[in-house]
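Subject: Model for you to look at

Dear colleague,

I am handing over the structure we spoke about, together with some notes on what was found in it. Please open it alongside this message.

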Amino acid sequence: MSQSFSELIGTISNFVWGPPLLILLVGTGIYLTVRLGGLQVTKLPYALKLAFSKNQDKTSKGDISHFQALMTALAATVGTGNIVGVATAVVLGGPGAIVWMWVSGFFGMATKYAEAVLAVKYRVTDERGQMAGGPMYYLERGLKQRWLAVAFAAFASLAAFGIGNGVQTNSVAMALKTTFDVPLYVSGILIMIFTGAVILGGVKSIGRVVSYFVPVMIVFYLGSGLLIMVMNYTLIPDAIALIFSSTFSAEAIGGGAIGAAIRYGVARGVFSNEAGLGSAPIAAAAAKTDMPGRQALVSMTQVFLDTLIVCSVTGITLVMGGQIGSGLEGVELTTATFEQFLGPAGGYIVTIGLVMFAYSTVLGWSYYGERSIHYLFGQKSILPYRIAFVLVAGLGAMTTNLNLVWALSDVFNGLMAIPNLIGLLFLSGVVIAETKRFNQQLELENRNRKAS
């Protein structure tokens, strides 16, 4: 019975994440890119400057700074997908899948921008004086379709316990068990303590922690990958050539037909950066910002950093290693490649990176789930949710097989995108209007700066 149920869930997952949804996700990004005039290119330098500026907006309405909102979103997205997902993509789709990951990331930047514009524009102040926003609010207040808002919040709250919690802490515990022989129950207890200490304090506590933790974890993993590339720079040209030659090659190594490269490249790209799923705008809505467009540009850099930087380093390193098609897959392939170049230290780097990435995902998704639960059931549901989230984090770490949970949470994760994309497409006019208003404000600020 359980076997047939697992197969049914697997079939549903394959359908949900099939070509129609992937086409809709990328198609929405292309549509928004055209309507926004390639904003992800023209405004990227300013967006990065805004995100990492020391002079963060401290006077506007909101609970956390631009930077903290970005780090909260990055905490949730820079996760196992950057290590395991990229490896899966190149095994199933060949090296050419990396190009399609870049394509999905490029257009996903426009999608992420639009999500954040709507999240800030339609956010509300809850009964405790905190900002609440995201797809559920722009679907209800902007699109006037509460049933879609409820559907999104329900899917997001369920996904938070799976894709954003139990399966992540399980990855942490298994990695620590394999590499350092740490018992699962020890990992589970420690995860519960650390998770509870952070999320019980709410978004301000999460924002403070991830603003220090996320930059460290990204620099640690990214620095290791870049070290491999610098030490073996002679392998880079051939690796890049293979990636692009495999993009349209039906004989792509390990991937077979072109369709496999496109499907797995796009799917893993979206899984990593979550553009179009509707999760990150929940964090964007909490940011202190004077205009929706300003925070939206900051949110857009999340996809750039996650997919076009971190995933690229993993992907190019894997191709340089030449072990694609060796039978290794997932984290084993990434570990073997890092060990190939850095010796035993490479394995420790991947394990520590996986632990940090997965734990950060738990922190980010705890807030997404909390806001979704709050939308459905009100303030009284917050404390019970936080307690349940901490308990699930511990149980997930102590469980040996979470395949069914992975499949179920994958389904809910994909279902989140449908109401969100409907909202983005039908409210795209609002996004364009807000962008024009913001551009006018930028021109005014530039003129005043030059005059002074």
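Which helix supplies the largest share of the lining of the second largest cavity? Before the answer, please keep in mind that this is a predicted model, and that everything below was computed from it.

The helix in question is α7, which contributes 4 residues to that lining. The second largest cavity holds about 70 Å³ of space, and the residues around it are L25, V26, G29, S104, F107, G108, T111, V270, A275 and G276. Two helices, α2 (19-35) and α7 (97-121), each give at least two residues to this lining, which by class divides into 5 nonpolar and 5 polar residues, with no charged ones.

Sorted by class, the lining of the largest cavity has 4 nonpolar residues, 8 polar residues and 1 charged residue.

Is E274 buried or exposed? It counts as buried, because its relative accessible area is 5%, which is under the 20% cut-off.

A second residue with a positive phi is K144, where the angle is about 65° although the residue is not a glycine. K144 is found in the loop between α8 (135-142) and α9, and it counts as exposed because its relative accessibility is 60%, which is over the 50% cut-off.

Turning to the open spaces, the largest pocket contains about 1300 Å³. It is lined by 39 residues, with V84, T88, G330, N403 and W406 the closest to its centre. The helices α1 (2-16), α6, α9, α13, α16 (331-342), α17 and α19 (403-426) each supply at least two residues of this lining, and the largest share, 7 residues, comes from α6. By class, the lining of the largest pocket consists of 16 nonpolar, 18 polar and 5 charged residues.

As for the packing, the largest nonpolar core has 142 residues, and within it Y113 and Y368 touch the most other members. Leaving aside residues up to four places away in sequence, Y113 touches L36, L39, G293, A296, L297, M300, V431 and T435.

Finally, S299 has its place in helix α15 (residues 292-321). With a relative accessible area of 8%, S299 is buried, and, again not counting residues up to four places away in sequence, it touches K112, A116 and A284.

With best regards

Key: Residues are numbered from 1 along each chain as its sequence is written. This is a predicted model: local features need pLDDT of at least 70, side-chain atom pairs count only at pLDDT 80 or more; totals for chains, interfaces and linings use all residues. Side-chain values use heavy atoms; hydrogens and water are left out. Ala, Val, Leu, Ile, Met, Phe, Trp, Tyr, Cys and Pro count as nonpolar, Asp, Glu, Lys and Arg as charged, and the others, Gly among them, as polar. On a 1 Å grid over the protein atoms alone, a cavity is a set of points where a 1.4 Å probe fits but cannot get out, and a pocket is an open set with protein on both sides within 12 Å along at least five of seven lines; lining residues have an atom within 4 Å of a point. Grid points are joined across faces, edges and corners, and a volume is the space filled by probe spheres set on the points. A nonpolar core is a set of buried Ala, Val, Leu, Ile, Met, Phe, Trp, Tyr and Cys residues joined through side-chain atoms within 4.5 Å. Buried means under 20% relative accessible area, exposed over 50%, partly exposed in between (1.4 Å probe, protein chains only). Contact means heavy atoms within 4.5 Å.
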